[in-house]
2 protein chains.
Amino acid sequence: MRESLMTRISELRDLQGAIGLLNWDQETYLPRRGDEARSAQLATLQSIYHERLSDGWLGEEMEACAANSSDEQAMLRVLAWERNRALRIPARLVKAVSEAQSAGLTAWRTAREQQALKPFSSPLATLVSLRREQADAWGHEGERYDALLEGFEPGMRVARLTPVLERLRAQLVPVVERLTQGSRATSLFENHQFAEQAQFDFTFEILRAMGFDFERGRQDKSVHPFTSGNHPHDIRITTRIFEQLPLSSIFSSIHEGGHGLYEQGFVAAHVRTPLAQAPSMGLHESQSRLWENIVGRSEAFWISFLPRFNRAHGTQFLLPEFLNEVCRVEKSLIRVEADEVTYNLHIVLRYELELALMRGTLEVQDLEEAWNAKTKSLLGQTVTTVGQGVLQDIHWAWGEFGYFPTYALGNLYAASIWKALEREIPHVQNLMSKGDLSPIKQWLNQKIHAQGFRYDAESLVRQVTGQGLTDVDFMAAIHQRYAQRLGSS
Amino acid sequence: MRESLMTRISELRDLQGAIGLLNWDQETYLPRRGDEARSAQLATLQSIYHERLSDGWLGEEMEACAANSSDEQAMLRVLAWERNRALRIPARLVKAVSEAQSAGLTAWRTAREQQALKPFSSPLATLVSLRREQADAWGHEGERYDALLEGFEPGMRVARLTPVLERLRAQLVPVVERLTQGSRATSLFENHQFAEQAQFDFTFEILRAMGFDFERGRQDKSVHPFTSGNHPHDIRITTRIFEQLPLSSIFSSIHEGGHGLYEQGFVAAHVRTPLAQAPSMGLHESQSRLWENIVGRSEAFWISFLPRFNRAHGTQFLLPEFLNEVCRVEKSLIRVEADEVTYNLHIVLRYELELALMRGTLEVQDLEEAWNAKTKSLLGQTVTTVGQGVLQDIHWAWGEFGYFPTYALGNLYAASIWKALEREIPHVQNLMSKGDLSPIKQWLNQKIHAQGFRYDAESLVRQVTGQGLTDVDFMAAIHQRYAQRLGSS
């Protein structure tokens, strides 16, 4: 590859890194009144990024380029993929989407304040219509949603995804029904306070055990936890702390830590190239979910970490009662508060609605009713306020359609990857109960992270696990973890 | 002005803002091993900035542009000034300087570790030679140093500056001699510890009194205090805290707070244009020095703030002994530790050496000897290690020649500006002693900050004070503050 092309490729990554830092800062340390300034800076960097990704010179260089290795070939493939998607959207549409996003976000906030969908209806309808147009511009083979999904989950298609989610739905509804019969309403932590600093310190203890490298990353606090991967040597995660809910900071940190380990795990040869990224949001999510749900909710993990938790907070919780809390299953209205069992039903709900919106079989005016009906049928819950219903997530406010399924994909991939890991590290439960998480991290580093974006997500999963996307491993894990409770009904 | 030109102008400012944030983060929160990544990101943004500043399209737009107001005219003037300087340096030289800076910095660090100039000599010689070349490329009328000075202090010339600094030198040497006779060697704070958090909190108290707006800015800690002006709504200052030296954090915060108020004081009409910047580093420094030395070392200020200091630390210092500490004058080897009286002599020393290096009347091989001789003659001190001598500042490691004089200009401008302020707010000492600093801030906002870069520094000072650069007001202020001690000899 010519040096000038390689330089441009690295510059594009540098720009993404800078954009990442500006975004991170906006959620952590930006002064209250700095928002407008930051939006302008981000818009400028993004437009420069777009300009440099789509300029003619880059196209010519890429055409003339002879790849010297399979990695270079993969780089060019990923770059071409991103570039082609950028080129297919006319500047007019880019601008219209960006304006509709701003308007959508503002209207969504107003609607939440007023507890009514109405102020958001028209901006949302605009976003839906623009995304339909954008999807058609990107191109698809009849299923418009595919073009949106492609942006988050390259290679995934509705035809592949729908049957998997339908099987998941069919199995989960009765499982949830059984697991939530007669569940305790009160929390173990109800009469306790967990000091903020002690909670924060404890999350660092867990992250260190996971192998998160604080010489190449950091953890701060933010309203919504997230991971910012600016460069494998500069990975930032955030957590949030509630003094009455000690599990919130723990599972936020473990979740983001899983994302963070992925980003820290890219290899030197991929740094400052498009290969230093996950092949999909779903695979990225598989790493956070694996750590959060499979490791973090296991008995083995808490055998080691509950004594440390008790020490940190001066409490004396016992393992069974604590695990009960950690693995509590509850029907709820809010996705982000959902447990690992009900979670996927929240995704199925959104996926079915998004699909219908993009196909044109559902219009925005009927969205709230459809949402409430599905909440009833999937989760057995009655929506009483739009804030706990159709307005709960920020994604649609931003016109983000096609993203939700990646959360479910993360859950499914995680289960399959973990099954492969247990095959290759048979004593992993034993190691976990001693607090030794490093073999897990190393295995994931080698099998998943070091691959970067060499392959698409499902291909990589197939390489690692022997099979592609499936609901089987996930459902088996659920049945195993909740065997006792499921068997008893 | 055409919208496309205005957009480009704003984009350039946005890029500077992003660069500012990346630099700020590097000094505050960047993970230890993130340095290389950050350098690459900064280099990319800087090269994009340079490319967009110097491209032909911008030149044509500027030529075709008809300014609609005096502000627009000023914008175009500042932009043209910056652009012309950029265009005169060939890409080859830009690259050579940038590489020499990296090499210089590394060698300077090594030299300091080894306590020997030798490892740094050759990289420094390269930097000197490149800066000579660069100065000639920028252009000058026989005095090469002028072209460097122009980069930090537009409009200032050696012919104007030298006589002022020479008068300053002639007056200060005997003043320092008298003020340092029989000065106490021990510090008032010697047997105390000042808790880090209490110190940090106290700096916020002072900054709030100064009018620093924490909704449009923040304060963090860093090794070397600095101000990062990313946008008038996002101004970040830093301080540093030593538990045995309570004045360090206080005066660092006041100093940077003075810079910060300047940056927060640009007006809405100048935001995202080249007018939202100080016309020179010297004028910027006048604001930090005014707050640090004129306000912060005054009796009136401490009448209000000493009781708060004592409360914060549970101490019982008395005003006279505290003021003695605040206004201690000592001959020292280190510029950054120097007091307000000896400080300018450190600058004169550097200025004379830089001037000789650029004129070619001094070569790097003779620099250490010259440094030591001047330290003797100006400050009466004997240099025993290079770390306390010629290697003490980072500026030359970075090839920064022409910057040092701006510190002295800051001191001189500050004194003249303060004199004008006292004329217009005759009861300012009384206000200060009540802790009311807001009239000072408002006056500076209106007279200096709101002007942005409409005029060059000396013109603006002349507008505000009735006269240009002079040593008279500064020397008068010194004689006034130290009257007792000076009179007694």
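You are looking at a predicted model, in which local features need pLDDT of at least 70 and side-chain atom pairs count only at pLDDT 80 or more, while totals for chains, interfaces and linings use all residues. Residues are numbered from 1 along each chain as its sequence is written, chains are lettered from A and ligands numbered from 1 in the order in which they are written, and side-chain values use heavy atoms, leaving out hydrogens and water.

**The interface**

Show the surface here. Chain A and chain B bury about 3,100 Å² between them, 56% of it on carbon and sulfur atoms; buried area is the accessible area (1.4 Å probe) that two parts lose on being put together, summed over both. Now pick Y29(A), R33(A) and E215(A): in chain A, they lose the most area to chain B, together 19% of what that side buries.

Next, select R32(A) and E215(B), whose side chains form a salt bridge at 2.8 Å, N to O. The term stands for a side-chain nitrogen of Lys or Arg within 4 Å of a carboxyl oxygen of Asp or Glu, and there are ten salt bridges between chain A and chain B.

Helices (H or I, at least four residues) and strands (E, at least two) are DSSP runs, numbered from the N terminus.

**A buried aspartate**

Move to D25(B), found in helix α1 of chain B. D25(B) is buried, with a relative accessible area of 0%; buried means under 20% relative accessible area, exposed over 50%, partly exposed in between (1.4 Å probe, protein chains only). Not counting residues up to four places away in sequence, D25(B) touches L21(A), W24(A), R236(A), L30(B) and R38(B).

**Helix α4 of chain B**

Stay in chain B and select α4(B). Its buried residues include D71(B), M75(B), L79(B) and R83(B). To see what covers the buried residues of α4(B), show helices including α1, α2, α3, α6 and α7 of chain B.

**Last stop: Q134(A)**

Finally, go to Q134(A) in helix α6 (residues 118-138) of chain A. At 7% relative accessibility, Q134(A) counts as buried. Leaving aside residues up to four places away in sequence, Q134(A) touches I89(A), L93(A) and V97(A).

Note on methods. Contact means heavy atoms within 4.5 Å.
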